[in-house]
Amino acid sequence: MKPSISVLTLGVDDLERALAFYRDGLGLPTEGIIGTEFEHGAVAFFDLQAGVKLAVWKRDDLVHDANIERTAPSSAEFTIGHNVTSKEEVDQVMEQARQAGATITSPAHDTFWGGYSGYFQDPDGHLWEIVWNPAWDSPEE
């Protein structure tokens, strides 16, 4: 397996709500919901950096496709990290997420390791960390 990831798929309870949050609230580019003509196929893809996409797909459809049992979701399974170029940008993205309907779980703050970060949950409980790390190169725009 090559060390690369091309799609992050999030299971969601309400596809329209997830589309609105990521497209309208966070401003991620998308063609909207596609695949509605297929049973278990409706999904929305969002363009991230070159070659990487974020997908939102109904939890029940994801469970069906993966042939697994549905369990209670847990926000503590993983985080999605979004690295930015400054403390001010962390604050801006956190506020944008709050205005889009996110729940701020940990307001932006100085970290023990010298950075600055905050956490929010999207409407389906997925946990995002917005972070500035002074030891890393600035992310590409």
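The model is predicted, so to speak of local features a pLDDT of at least 70 is needed, side-chain atom pairs count only at pLDDT 80 or more, and totals for chains, interfaces and linings use all residues. Residues are numbered from 1 along each chain as its sequence is written, and side-chain values use heavy atoms, with hydrogens and water left out. Helices (H or I, at least four residues) and strands (E, at least two) are DSSP runs numbered from the N terminus.

**The sheet that holds β1 to β4**

- Here four strands make an open sheet with mixed pairing, in the order β1-β4-β3-β2; two strands are taken to pair if DSSP finds at least two bridges between them.
- At the edges sit β1 and β2 (30–34), each of which pairs on one side only.
- From one strand to the next, the twist averages 20 degrees; axes are lines fitted to C-alpha atoms, for helices over the stretch in contact, and angles run from 0 to 180 degrees between N-to-C directions.
- Five bridges link β3 (residues 43–47) and β4 (residues 53–58) in the antiparallel sense, and Phe45 has Ala55 in β4 as its bridge partner.
- Helix α1 (residues 15–25) lies across β1, β2, β3 and β4, at about 10 degrees to β3; contact here means heavy atoms within 4.5 Å.
- Helix α2 lies across β1 and β4 and runs at about 95 degrees to β4.

**The sheet that holds β5 to β8**

- This open sheet has four strands in the order β5-β8-β7-β6, again with mixed pairing.
- Its edge strands are β5 (79–83) and β6 (103–110), and each pairs on one side only.
- Direction ignored, neighbouring strands of this sheet are turned by 15 degrees against each other on average.
- Helix α3 (residues 87–100) packs on the sheet and touches β5, β6, β7 and β8 (127–132), with its direction at about 10 degrees to that of β7.
- β6 and β7 (residues 116–121) run antiparallel and are joined by five bridges.
- Thr103 has Gln121 in β7 as its bridge partner, while His109 is partnered by Ser117 in β7.
- β6 and β7 form a hairpin with five residues between them, and Gly114 in the turn has a positive phi of about 100 degrees.

**Helix α2 and what follows it**

- Which residues of α2 are buried? Arg59, Asp61 and Val63 are buried, where buried means under 20% relative accessible area, exposed over 50%, and partly exposed in between (1.4 Å probe, protein chains only).
- The cover over the buried residues of α2 includes β1 and β4.
- α2 is followed by Asn67, with a positive phi near 55 degrees.
- Asn67 belongs to the loop between α2 and β5, and its relative accessibility of 71% makes Asn67 exposed.
- Ala76 is also in the loop between α2 and β5, and Ala76 counts as exposed at 71% relative accessibility.
- Ala76 and His126 are 50 residues apart along the chain, yet their C-alpha atoms are separated by 8.6 Å.

**Another positive phi**

- Most residues other than glycine have a negative phi.
- His40 is not a glycine, but its phi is positive, near 65 degrees.
- Where is His40 found? His40 is in the loop between β2 and β3, and is partly exposed with a relative accessible area of 26%.

**The second largest pocket**

- On a 1 Å grid over the protein atoms alone, a pocket is an open set of points where a 1.4 Å probe fits, with protein on both sides within 12 Å along at least five of seven lines, and lining residues have an atom within 4 Å of a point.
- The second largest pocket holds about 440 Å³ of space; grid points are joined across faces, edges and corners, and a volume is the space filled by probe spheres set on the points.
- Its lining has 20 residues, and those nearest the centre are Gly11, Arg59, Pro73, Ser74 and His126.
- The elements that give two or more residues to this lining are β1 (7–12) and α2 (59–66).
- By type, the lining residues are eight nonpolar, seven polar and five charged; Ala, Val, Leu, Ile, Met, Phe, Trp, Tyr, Cys and Pro count as nonpolar, Asp, Glu, Lys and Arg as charged, and the others, Gly among them, as polar.
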